[in-house]
Amino acid sequence: MSIARLLHSYCSRANITAAMSTILEIRKRLGVTQKAFAEGIGVTQGNVSFYERSQQTVPPKVAAKLIAYAAALGHVVTFDEIYAGELATPSPAEPAKVER
């Protein structure tokens with residue numbers, strides 16, 4: 001199984017979406033505009049805007065391109081960092097059942 005397929009499976013099971021602050025913070029840390037960021041990772045500027053506002057999930061292939069783009073600029077970015085926003089958000093818990 002390819003890395004992209006494994007990541008897609010992982011992201012789907014965890015219902016992960018990119019958190020606004022995560023992608024925005026990464027882009028700002030790289031010191032680039034949305035347009036330059038989009039060109040660097042092979043998406044549109046609109047996609048970047050959606051990623052930053054949590055309106056679109058960052059696909060694993062795009063995350064891999066983001067990691068490579070950051071490395072080319074001398075920065076280290078990881079998959080965990082890209083998807084950190086949702087991992088840090090707890091899912092709603094079911095109420096405990098009390099037997100009487």
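**Arg29 and its partner**

I started with Arg29, which is partly exposed at 38% relative accessibility. Arg29 meets Glu81 in a salt bridge, 2.5 Å from N to O. The test I applied asks for a side-chain nitrogen of Lys or Arg within 4 Å of a carboxyl oxygen of Asp or Glu. This pair ties together distant parts of the chain, with Arg29 in helix H2 and Glu81 in helix H6 (residues 79-82), 52 residues apart. Glu81 is partly exposed too, at a relative accessible area of 22%.

**Ground rules**

I kept in mind that this is a predicted model, where local features need pLDDT of at least 70, side-chain atom pairs count only at pLDDT 80 or more, and totals for chains, interfaces and linings use all residues. Residues are numbered from 1 along each chain as its sequence is written, and side-chain values use heavy atoms, with hydrogens and water left out.

**The other salt bridge**

My search of the whole structure gave two salt bridges. Glu52 pairs with Arg27, and their closest N and O atoms are 2.4 Å apart. This link also spans distant parts of the chain, from Glu52 in helix H4 to Arg27 in helix H2, 25 residues apart. Both Glu52 and Arg27 are buried.

**Overall layout**

I counted seven helices and zero strands in the protein chain. Helices here are DSSP runs of H or I with at least four residues, strands are E runs of at least two, and both are numbered from the N terminus. Of the 100 residues, 32% are buried.

**Around H3**

Which residues of H3 are buried? I found Gln34, Phe37, Ala38 and Ile41. They sit on the same side of H3, because they cover an arc of only 100° around the axis; the arc is taken over the directions from the helix axis to the C-beta atoms. Lys35 and Glu39 are exposed on the face turned away from that buried side. Just after H3, I noted a positive phi of about 75° at Gly42.

Next I looked up the neighbours of Gln34. Leaving aside those within four places in sequence, Gln34 is in contact (heavy atoms within 4.5 Å) with Arg27, Gln45, Val48, Ser49 and Glu52.

Thr33 is in the loop between helix H2 (20-30) and H3. A polar atom of the Thr33 side chain lies 3.0 Å from the backbone nitrogen of Ala36.

**An aromatic pair**

I found one aromatic pair in the structure. Its rings, Phe37 and Tyr69, have centres 6.2 Å apart and planes at 75°, so the pair is edge-to-face. My cut-offs: rings of Phe, Tyr and Trp (its six-membered ring) pair if their centres lie within 6.5 Å, and planes under 30 degrees apart count as stacked, over 60 as edge-to-face and the rest as tilted. Phe37 is in helix H3 (residues 34-41) and Tyr69 in helix H5 (residues 60-72), 32 residues apart. Both Phe37 and Tyr69 are buried.

Note on methods: Buried < 20%, exposed > 50% of the residue type's maximum accessible area, 1.4 Å probe, protein only. Polar contact = N/O pair within 3.5 Å; in protein donor to acceptor, adjacent residues only side chain to side chain.
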